[in-house]
Amino acid sequence: MAALPGLALLLLLAWGGSPATGQKRKEMVLSEKVNQLMEWASKRSVIRMNGDKFRRLVKAPPRNYSVIVMFTALQPHRQCVVCKQADEEYQILANSWRYSSAFTNKIFFAMVDFDEGSDVFQMLNMNSAPTFINFPAKGKPKRGDTYELQVRGFAAEQLARWVADRTDVNIRVIRPPNYAGPLMLGLLLAVVGGLVYLRGSNLDFLYNKTGWAFAALCFVLAMTSGQMWNHIRGPPYAHKNPHTGQVASLSFNYIHGSSQAQFVAETHIVLLFNGGVTLGMVLLHEAATSDMDVGKRKIMCIAGIGLVVLFFSWLLSVFRSKYHGYPYRYVV
């Protein structure tokens, strides 16, 4: 019985070597990983990974660094407009960290494209892109390590706050200069200045209430239909058949079935419906306040009521298709 501990020790040395040897081996593997990542990061702030690189450098231990991974689909045939916009912001974030004075080897930024690492998507049971996940230095990713894209958006500043929450690494986002804003402002000032110069003796057009009301109405209709959401998220125009790439002439291909997303065509439809309701209200107002004869005012009243009823009913039908279970309807 006394020989059993010695035998166990011999078996341990035969199979795994001494604890010190195993620790040195881990340190060597870790050093190789860090050196490899640092070499790639020096060439490109966002490291592109396939399945083998992801499993070896991100999933497999040992690891004393965090890896922020964007899972995306950037190939043109995927038609993921949001992926391209998110990639631009992600590159800004990674460049801001890579070229900052606080840069260390404790965090790296990587990317897995579906066409280069579909096995990784299958391994993680992922079926959507883009998705951002933080793989911490110790342990497995927790719930908070998956970025809430639908809630926060993909701006580099928002991503930086999330990275700071998960890794304690604070990144000051530095954006490249953008001259589009100043140029547009200068063009607008030039147009206004030109109009004032050409019509300096007659500035009554600046006090035209109808013109200002029409401009304000167009702006309100554009904002309430979701045009700003389109500008920020870049959704597709409509749902396309993944096999043919064609848009079938069916209503649900133009109206997204979820309340968390929309198509560009959907915003155009909602804008048209809101415009129809607005036109009906204007006709009702004119029928009640104008000095026209009674017959014309009746026609305007009937037309206004018809427009309001029809287009408001269609608006409710769109609302029901997005918020399933909504119990109310109006005519249709």
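Predicted model: local features only at pLDDT ≥ 70, side-chain atom pairs only at ≥ 80, totals over all residues.
Reader: Which residues does UniProt list for "transmembrane region"?

Author: The unreviewed UniProt entry gives residues 179–198, 210–229, 269–287 and 299–319 under that name.

Reader: How much of residues 210–229 and of residues 299–319 is helix in the model?

Author: In the model, residues 210–229 are 90% helix and 0% strand, with their end C-alpha atoms 28 Å apart, while residues 299–319 are 100% helix and 0% strand, with their end C-alpha atoms 30 Å apart.

Reader: How many helices and strands does the protein have?

Author: The secondary structure of the protein consists of 12 helices and four strands, and one of those helices is α8, which covers residues 180–198 and holds Val196.

Reader: Is Val196 buried, exposed or partly exposed?

Author: Buried means under 20% relative accessible area and exposed means over 50%, with partly exposed in between; Val196 has a value of 36%, and therefore it is partly exposed.

Reader: What can be said about the surface and the interior of the whole protein?

Author: The accessible surface of the protein comes to about 21,300 Å², and 63% of it belongs to carbon and sulfur atoms, whereas 32% of the 332 residues count as buried. Among contacts between residues at least 6 apart in sequence, 65% join residues at least 24 apart.

Definitions and conventions
Residues numbered from 1 in each chain as written. Heavy atoms only, no water. Helix = DSSP H or I, 4+ residues; strand = E, 2+ residues; numbered from the N terminus. Buried < 20%, exposed > 50% of the residue type's maximum accessible area, 1.4 Å probe, protein only. UniProt positions renumbered as here; feature names shortened; annotations may be inferred. Contact = heavy atoms within 4.5 Å. Areas by Shrake-Rupley, 256 points an atom, 1.4 Å probe, with all protein chains shown as cover.
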